[in-house]
Amino acid sequence: MTVSAHPFAPPAHEAHWVVTARELATGFAATAAELDESAEIPLANLRALHASGLDAATLPEEHGGQNLSYRTFGAVLRLLSAACPSTACIWLMHIGAAGGLVQMSAPEAASFYADELKAGKRFANALSEPACGNLFLLPQQTAEPAEGGFRLTGAKRFVSGCEIADHFLVNALVDGTPAFFGHAPDDTMTYVPIWDTMGLRASRSQLLTFDGTLLRADRRCLPPSGPRPNHIAAGLAYLSLGIADAALAALTEHARSRTIPTTRQPLSDMQWLEFEAADAALKLDAAAMYAGHSMWLADQNSPGFIGSTVRAKPLANEAARDIAQLGVRVGGGSGYLRTSPIQRIFRDAQAGGLMAYSVEVCKAHLGKETLTALANE
Ligand SMILES: Cc1cc2nc3c(=O)[nH]c(=O)nc-3n(C[C@H](O)[C@H](O)[C@H](O)COP(=O)(O)OP(=O)(O)OC[C@H]3O[C@@H](n4cnc5c(N)ncnc54)[C@H](O)[C@@H]3O)c2cc1C
């Protein structure tokens, strides 16, 4: 009997993309600490990703891509995030913004954005507003009608990789309804350098201000039709899964190399740590399995995909936070030193749960759903 591959695993014909990501990740891991320190955009990593063909592979076939499956996209992102989460964060936002513009634009604009992605141009999402917080798909800033489009005055914050972006996916209220636009940077936009953060420092997710910026009518996206998996909604869990992998690897390495003077045994032989490691492995397996299910739904273009991301994301966010916290305990004073990857991973692990939709927003939704369902039984 032949054993078929797990349905949540990347399809066999895309296995080479996982190999490519693993090779790239080795180089990215080597510079992650330096980039965290300098908080510089990992431009060389992003260029290497484009040169590998991965950017273009995510596009639909009719736009010259390979319609890369969400299962493979997740596996790739997890490897990248374990190596350098800032690179993975900017890449996720880049692919999400480009893919969104290709999917939601009228045919001519869609082809334009697909060609720009293939040519190596960079994309970013300017969606979150200082006032709307986690509800980033419900902008509160209005773009007023003007000749050729709509003018936006306001601010978008935490725009990952904005300083190198050639195109933005921007949202604003038009006639009281959220609308999306493709927009190329111009001199009505200012980049405010607020990004001095505890983690994901090289993602440089700065504040952007708009002063009467014209959002062109011919770059306005069409209203969505039917279930459409979004790469960012799908990928955010994988950013955290990669960080959780890195946390588990770092704590394992430390525990196996550190000898406890009184017992002359490695720290990894202590029973308390064996139990904690088991809990960490179970948590990570469960989160990864659920995220795999979510990607499988995305590959079926199932309406169940959206509901699944509300579960996949907090499971992965909390696995990353908890395992990184265990790393700090295991690392002791050595892990607390700036030279240790343990402290960097702990700082990076905090971001996923804050990013929209935050763990709390997901749980508020799930809690209500659970209690309503139980009450109706
Ligand atoms: C590393 C990083 C990269 C990012 N990149 C981008 C990007 O490229 N583009 C972009 O547009 N945005 C980006 N964001 C923004 C992100 O998606 C969120 O919008 C932002 O982090 C929310 O921050 P806030 O201070 O407004 O939090 P708030 O929303 O004010 O949250 C504060 C607290 O309130 C809780 N809370 C808020 N609303 C609710 C609710 N309705 N129910 C229950 N609890 C709630 C939160 O869980 C949190 O505990 C990024 C953020 C980070 C951290």
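**Talking through the strands and domains**

Colleague: What makes strand β4 (residues 167–174) largely enclosed by the rest of the structure?

Modeller: 8 of the 8 residues of β4 are buried, so the rest of the structure largely encloses this strand. Buried here means under 20% relative accessible area, while exposed means over 50% and partly exposed lies in between (1.4 Å probe, protein chains only). Before we go on, a word on the basis: this is a predicted model, in which local features need pLDDT of at least 70 and side-chain atom pairs count only at pLDDT 80 or more, while totals for chains, interfaces and linings use all residues. Residues are numbered from 1 along each chain as its sequence is written, and side-chain values use heavy atoms, with hydrogens and water left out.

Colleague: Which residues of β4 point one way, and which the other way?

Modeller: H167, L169, N171 and L173 point one way, F168, V170, A172 and V174 point the other way, and all are buried. In general, the side chains of a regular strand alternate between the two faces of the sheet.

Colleague: How do you know that β4 pairs with β5, and where does β1 come in?

Modeller: Two strands pair if DSSP finds at least two bridges between them. The strands themselves are DSSP runs of E with at least two residues, helices are runs of H or I with at least four, and both are numbered from the N terminus. β4 and β5 (residues 177–183) have 7 bridges in the antiparallel sense, so they meet the rule of at least two. L169, for one, stands opposite G182 in β5. These two strands form a hairpin with 2 residues between them, and D175 in the turn has a positive phi of about 55°. Strand β1 (residues 123–126) runs parallel to β4 and is joined to it by 4 bridges; here A124 has F168 as its bridge partner.

Colleague: Why do β2 and β6 stand at the edges of their sheet?

Modeller: The sheet is open, with 4 strands in the order β2-β3-β7-β6 and antiparallel pairing. β2 (143–146) and β6 (189–192) each have a single partner strand, so one side of each is left without a neighbour in the sheet. From one strand to the next, the twist averages 15°, taken from axes fitted as lines to C-alpha atoms (for helices, over the stretch in contact), with angles from 0 to 180 degrees between N-to-C directions.

Colleague: How many bridges does β3 form with β7, and how many with β2?

Modeller: β3 (residues 149–159) and β7 (residues 206–216) pair antiparallel over 8 bridges; A155 is partnered by T209, and V159 by Q206. β2 and β3 are joined by 4 bridges and also run antiparallel, with E144 partnered by R151. β2 and β3 form a hairpin with 2 residues between them, where G148 in the turn has a positive phi of about 85°.

Colleague: What area is buried between domain 1 and domain 2?

Modeller: About 2000 Å², with carbon and sulfur atoms giving 65%; buried area is the accessible area (1.4 Å probe) that two parts lose on being put together, summed over both. A39, I41 and R122 supply 27% of what domain 1 buries against domain 2, more than any other three residues. The division is domain 1 (12–122), domain 2 (124–219) and domain 3 (231–375), with bounds from an automatic or database domain assignment.

Colleague: Which residues does UniProt list for "domain: Acyl-CoA dehydrogenase C-terminal"?

Modeller: The unreviewed UniProt entry gives residues 235–353. UniProt positions follow the numbering used here, feature names are shortened, and annotations may be inferred rather than shown by experiment. In the model that span is 82% helix and 3% strand, and its end C-alpha atoms lie 13 Å apart.
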